[in-house]
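Good morning, colleagues. Please look at the display before I continue.

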Amino acid sequence: MKKNTILILGKTNVGKSTLINNLSKEKISITTPKKNTTIQCITNKINKNITIIDTPGPIIKNDDKNINKLIYESINQSTKLLIIIDKIFLNSEDFFILELTKKIKKEKFLLINKIDKFKNKLYLIPFIEKIKKKYKTIQEIIPISNKKNINITEINKIINVNINKKNKKIKNLNTFISETIRETLLNKLEKEIPYTTKINILNTKINKNIKTTILELLVKKQSHKKIIIGKNGKKINEIIADIKNKLIKKLKYIENIKITINVNKK
Ligand SMILES: Nc1nc2c(ncn2[C@@H]2O[C@H](COP(=O)(O)OP(=O)(O)OP(=O)(O)O)[C@@H](O)[C@H]2O)c(=O)[nH]1
Ligand SMILES: [Mg+2]
């Protein structure tokens, strides 16, 4: 079987990570209704031949030059590009990505996600025709819905995935743990706190089947630390319980989490 590296591109919140989870039939990447959920390129080796790379949404607006560099490197590594949009009214970020990929000589597919939310699906037909004319190197334009499972098998065919769930192992445990923590922080905390908090995994110890991961949350302000801890430690206990729950479900063993919160104003 030919080796394939599939890169998923699209602005934030269009459902890139949800699609990856859907295709791999398990939760690999974290997803939330908030913007900028994924903040690093996440490489998932699905099997010997297939690798899927999830990317963070905002390529243009991303001030982090390293992330942009990583995205460009991932584009070079990839054999197929899946570009995702979630509306037929495209904005400058959608166009930026389409223009960027126009020059790339790889197999390209445009997926119109969330069609379960489209009131009038008839508009899709002229839209697809228009895009086909403008971006002639796009091989196929496919409307999909992760939520209603529309055309997901078509995408599976494109990327050649026939996943055998039993053979799956978590390849990069630390990435999985820190991404799970990010998801919990995004869900449990307001405003900028989950975005400005850095997660550092300091150490992992295994003792009598109980694995302890010691990690540091590096926050920007003393007030953020206070909010994360909450009244009498209520919030942090909620956060730890949520993380443990998710990890136990996935890892099938007890994972003990110890968190220290430090302030780094830089
Ligand atoms: N209605 C509907 N919602 C969807 C669909 N696919 C994804 N979503 C929702 O869209 C939101 C964003 O999904 P993500 O997968 O986190 O989006 P993303 O593109 O990875 O976003 P970033 O990581 O920020 O770049 C989540 O609330 C998903 O549940 C779909 O087909 N239909
Ligand atoms: Mg994502």
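This is a predicted model. I begin with helix 1, residues 16-23, and helix 5, residues 152-159, which pack at an angle of about 80 degrees with their axes 10 Å apart. Angles of 65 to 115 degrees count as roughly perpendicular, and helix 1 and helix 5 are therefore roughly perpendicular to each other.

Which residues make this contact between helix 1 and helix 5? On the helix 1 side they are Leu-19, Asn-22 and Leu-23, and they meet Ile-152, Ile-155, Asn-156 and Ile-159 of helix 5. Sorted by class, the contact of helix 1 with helix 5 comprises 5 nonpolar and 2 polar residues, with no charged residues.

I turn now to a second pair. Helix 8 spans residues 222-229 and helix 9 spans residues 234-251; their axes come within 4 Å and cross at roughly 65 degrees.

The class count for helix 8 with helix 9 is 5 nonpolar, no polar and 2 charged residues.

Finally, the ligand. There are 23 residues around ligand 1, and those that come nearest are Thr-12, Thr-18, Thr-37, Thr-38 and Asn-146. By class, the shell around ligand 1 holds 14 polar, 6 charged and 3 nonpolar residues.

An oxygen atom of ligand 1 lies 2.8 Å from an N or O atom in the side chain of Lys-16. Polar backbone atoms also take part: one of Gly-15 is 3.0 Å from an oxygen atom of ligand 1, and one of Pro-33 is 3.5 Å from an oxygen atom of ligand 1. How much of ligand 1 does the protein bury? Taken alone, ligand 1 exposes 660 Å², and the protein buries 88% of that.

Terms used: Residues are numbered from 1 along each chain as its sequence is written. Chains are lettered from A and ligands numbered from 1 in the order in which they are written. This is a predicted model: local features need pLDDT of at least 70, side-chain atom pairs count only at pLDDT 80 or more; totals for chains, interfaces and linings use all residues. Side-chain values use heavy atoms; hydrogens and water are left out. A residue is near a molecule or strand if one of its heavy atoms lies within 4 Å of it. A polar contact is a pair of N or O atoms within 3.5 Å; within protein, one must be able to donate a hydrogen and the other to accept it, and residues adjacent in sequence count only if both atoms are side-chain atoms. Accessible areas come from the Shrake-Rupley method with a 1.4 Å probe; for residues, only the protein chains shown count as cover. Ala, Val, Leu, Ile, Met, Phe, Trp, Tyr, Cys and Pro count as nonpolar, Asp, Glu, Lys and Arg as charged, and the others, Gly among them, as polar. Axes are lines fitted to C-alpha atoms, for helices over the stretch in contact, and angles run from 0 to 180 degrees between N-to-C directions. Helices (H or I, at least four residues) and strands (E, at least two) are DSSP runs, numbered from the N terminus. Angles under 35 degrees count as roughly parallel, over 145 as roughly antiparallel, 65 to 115 as roughly perpendicular and the rest as oblique. Contact means heavy atoms within 4.5 Å.
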